[in-house]
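Here is a short briefing on a pocket and an annotated site. Have a look at the model first, then read on.

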Amino acid sequence: MAVSGFEGFEKRLELNFSGDDPAIEIGFRQLDFQSLEKVLHAVQCTVVSAVGNQYFDSYVLSESSLFVYPTKIIIKTCGTTQLLKSIPPLLHHAATMDLKICACRYTRGNFIFPEEQPYPHTSFEEEIVYLEDNLPENLCCRKASVMPSKLSSHSWHVFSARDQSQMAMHKSPYDDQLYTVEVCMTGLDRVLARKFFRLPNDGKNGDSAGKEMSESTGICDINPNALICDFAFDPCGYSMNGIDGDRYSTIHVTPEDGFSYASFECVASIYNDIVEVLNKAVRVFLPTTVTVATTCTSHEVRMQVAKAIEPLGMKFQSCTVDDFPAAQSVVFQVFTGR
């Protein structure tokens, strides 16, 4: 293990809003680029590439991804970014648009270099205090949990908060037919990881080098229907956002030996099989350890996860399940190379 290196493990924040204004169909998408840049400045990252469709806007960041829907923001950042510092400016913008926050979910794995993390990310306890202090009182149904696994180096941290009045009316900000899959992979196959390094002075920009990486690694075949926005960093590293209708997918790669890491995240429907997509995504990297956190209404998805990953020579290690007021159920599974 290197003494220190780039922190691949992301922090992920999802904020859901509601409102009565007819302009809610546009909502956060009406924010100009300068306002978004200011939010990202607080987090310590910038936009490197972007693409959108009729449903949402997707941004590849210098450190991961941002997805902007009319009433939902998903922001995922790696390295030593200060992700939670995006909350105050986002709540300020929501107020100007007559949008009220109705749910918040924050998730992350175990940092490889926790001692490098700045405030408010030096510990999960500190993150919880920051969230508690910066979320409005209407989000009073709150729960924080560290979901353990058989491997002490891998656990899943979840904080969720939800509006009590919406819960009383049995209104959910989440679509019960959709679920989120967050995959974290460490110890990438060295030969496959080399594909995410650029040649010195290759004469390409980040977009064209990224497109080549998407094609040569098979990433563009994971979901052939998705419109891909990709970017290759110099000298190494890769990010991609895929957009398919109203659903996103995203991949981020830190390929350096000693702290190699890749993540894959997507939204799936309970009516579609996730097995093929998940199998293709993990096969791109053939890591030594895979963790999968699934946020859904059904625990049955875990069978599909095992069916996707075990045929790649991975051995099931553990499964933890926890229920959250704002996040349905979270199923956390861990697999290791045989």
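The second largest pocket has a volume of about 430 Å³, the space filled by probe spheres set on grid points joined across faces, edges and corners. A pocket here is an open set of points on a 1 Å grid over the protein atoms alone, where a 1.4 Å probe fits, with protein on both sides within 12 Å along at least five of seven lines; lining residues have an atom within 4 Å of a point. This is a predicted model: local features need pLDDT of at least 70, side-chain atom pairs count only at pLDDT 80 or more, and totals for chains, interfaces and linings use all residues. Residues are numbered from 1 along each chain as its sequence is written, and side-chain values use heavy atoms, leaving out hydrogens and water.

- Of the 26 lining residues, Ile222, Asn223, Asp244, Val267 and Val277 are closest to the pocket centre.
- β13 (261-269) is among the elements that supply at least two lining residues each, and its five residues are the largest share.

**Annotated site**
- UniProt, in an unreviewed entry, lists Phe6, Glu63, Phe233 and Glu256 under "binding site"; such annotations may be inferred rather than shown by experiment.
- Phe6 counts as partly exposed because its relative accessibility is 33%, between the cut-offs for buried (under 20%) and exposed (over 50%), with a 1.4 Å probe and protein chains only.
- Glu63, at 19%, counts as buried.
- Leaving aside neighbours within four places in sequence, Phe6 is in contact (heavy atoms within 4.5 Å) with residues including Glu63 and Phe113.

How values were computed
Helix = DSSP H or I, 4+ residues; strand = E, 2+ residues; numbered from the N terminus.
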